[in-house]
Every structure is written in C-alpha cells, then in structure tokens.
Amino acid sequence: MTEGDNKSANMLAQETAQLEEQLQGWGEVILAGDRVLRWEKPWFPGALMGATTVLFLLIYYLDPSVLTGLSCTVMLLCLADYLVPTLAPRVFGSNKWTTEQQQRFHEICGNLVKTQRRVVGWWKRLCALKEEKPKMYFASVISSLLAMAWIGQQVHNLFLTYLIVSFLLLLPGLNQHGIITKYAGMAKREINKLLKQKEKKNE
C-alpha cells in the first residue's frame, strides 16, 4: 500500500470515527432502519412500501403549500433530533448493544462517509469538466436538465417524488438480495445477443 493509500485510509477511518460519535444517540434507530432497508424479514418490503404510500397519500389529501410542507418537515426533524437520543435507549435498551451491532454500526457509518466522498468526487469531476471542456459541460448539463424538465412536465410532481423515494428506499434491499445484479446480468446478456446477431447480419 502506497503512502497516498495509507493517508486516504487514515482519513477515512478518522471521518468514520467522527460520524460514529455524532450519530451515537441514533445508533439503535439506525440499526433498526438498516434491518428494514436490507429486508431481513420477508414482510419488510411490503411494510416499507405501505408506509411510504400512506405518507404520500396523506400529503396528497392535505395538499399543503410549499412553505407549510417545509415548515412541518423541519419541525419533525427538530423533534426527532431532540427526542430520539433520549427515548431510543429506553425503547431498544442500551444494555443490549452487542459487538456485532457495534460492528454493523461502524460499517454503516463507513458506507455513509464513502457515499459522501463519492458525491464530492462527482461534483469535483463536474467542475473539472467545466474548466477543461466547457462546450461538453454545457451540452451535457443543458440536455440533462431539458430531459428532467420534460419528465417533470409529463408526470405529476408528487407521483414522481413518490417513485423516486420508493426506489431509493428499496435500493438497499434490492442490492442486498442480488436482484439488481441478477437483472443487470440478464440485460447485459440480451444486449450481447443482439450485438452478435447484428454482427452476423452485417457479415
């Protein structure tokens, strides 16, 4: 391992430790949410989609304004930030915290740090593209935004948000159970078959 790799690994470990310390009060809740998102029980996906559907139906029924929705969301986050660290040990029992749970909590924090690094890396690459190839940057950004604007015009905003949120909530479970890998492999094989058929026709 090179000096740069050692430095990167040390920084990753330091950032993970800092995040663990910040989220320590949320440990039990994070582990419970992790079990649901990874579908440890067969009924978890249905419960997850049911809760998401009820939430969005409630939003659709109440039809709050943007300011009201934003205020309520921030208020709930503030209440959770205050109540969860206090109530979580009483609900879950802090004395039941095991080595396995601590290890899983460490892995979750490490994955969060890695995800944050990926997002920052993508942003830096986008900024580098803007500096090095401004025409390509302009064309890529404008075409992407136009496509998003067209999709947003065709699909109801709330329904589109529901689809995005549902996909993001199901993504960890799909990945954990190998469903994404399975269907991605099937799609890849079908594409390869089509390419081979096209090559044979050209011959």
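Analyst: Four helices each put at least two residues into the lining of the largest pocket: helix 2 (27–37), helix 3, helix 4 (66–93) and helix 7. Helix 4 gives the largest share, with nine residues. Keep in mind that this is a predicted model. The space in this pocket comes to about 1000 Å³. There are 29 lining residues, and Leu 55, Phe 56, Ile 59, Thr 73 and Leu 76 sit closest to the centre. Sorted by class, the lining holds 19 nonpolar, nine polar and one charged residues.

Helix 3 (residues 44–62) and helix 7 (residues 157–176) have axes that come within 11 Å and cross at roughly 160°. The angle is over 145°, so helix 3 runs roughly antiparallel to helix 7. Their crossing is right-handed. On the helix 3 side, the contact is made by Leu 48, Met 49, Thr 52, Thr 53, Phe 56, Ile 59 and Tyr 60. Helix 7 answers with Leu 158, Thr 161, Tyr 162, Val 165, Ser 166, Leu 169 and Leu 170. That contact has ten nonpolar, four polar and no charged residues.

Helix 2 and helix 7 come back at the second largest pocket, where they and helix 5 (99–132) each supply at least two lining residues. Its volume is about 640 Å³. Of its 16 lining residues, Asp 34, Leu 37, Asn 111, Leu 112 and Pro 172 lie nearest the centre. By class, that lining splits into eight nonpolar, five polar and three charged.

Key. Residues are numbered from 1 along each chain as its sequence is written. This is a predicted model: local features need pLDDT of at least 70, side-chain atom pairs count only at pLDDT 80 or more; totals for chains, interfaces and linings use all residues. Side-chain values use heavy atoms; hydrogens and water are left out. Axes are lines fitted to C-alpha atoms, for helices over the stretch in contact, and angles run from 0 to 180 degrees between N-to-C directions. Angles under 35 degrees count as roughly parallel, over 145 as roughly antiparallel, 65 to 115 as roughly perpendicular and the rest as oblique. A crossing is left-handed if the near helix is turned anticlockwise from the far one by less than a right angle, and right-handed if clockwise. Contact means heavy atoms within 4.5 Å. Ala, Val, Leu, Ile, Met, Phe, Trp, Tyr, Cys and Pro count as nonpolar, Asp, Glu, Lys and Arg as charged, and the others, Gly among them, as polar. On a 1 Å grid over the protein atoms alone, a cavity is a set of points where a 1.4 Å probe fits but cannot get out, and a pocket is an open set with protein on both sides within 12 Å along at least five of seven lines; lining residues have an atom within 4 Å of a point. Grid points are joined across faces, edges and corners, and a volume is the space filled by probe spheres set on the points.
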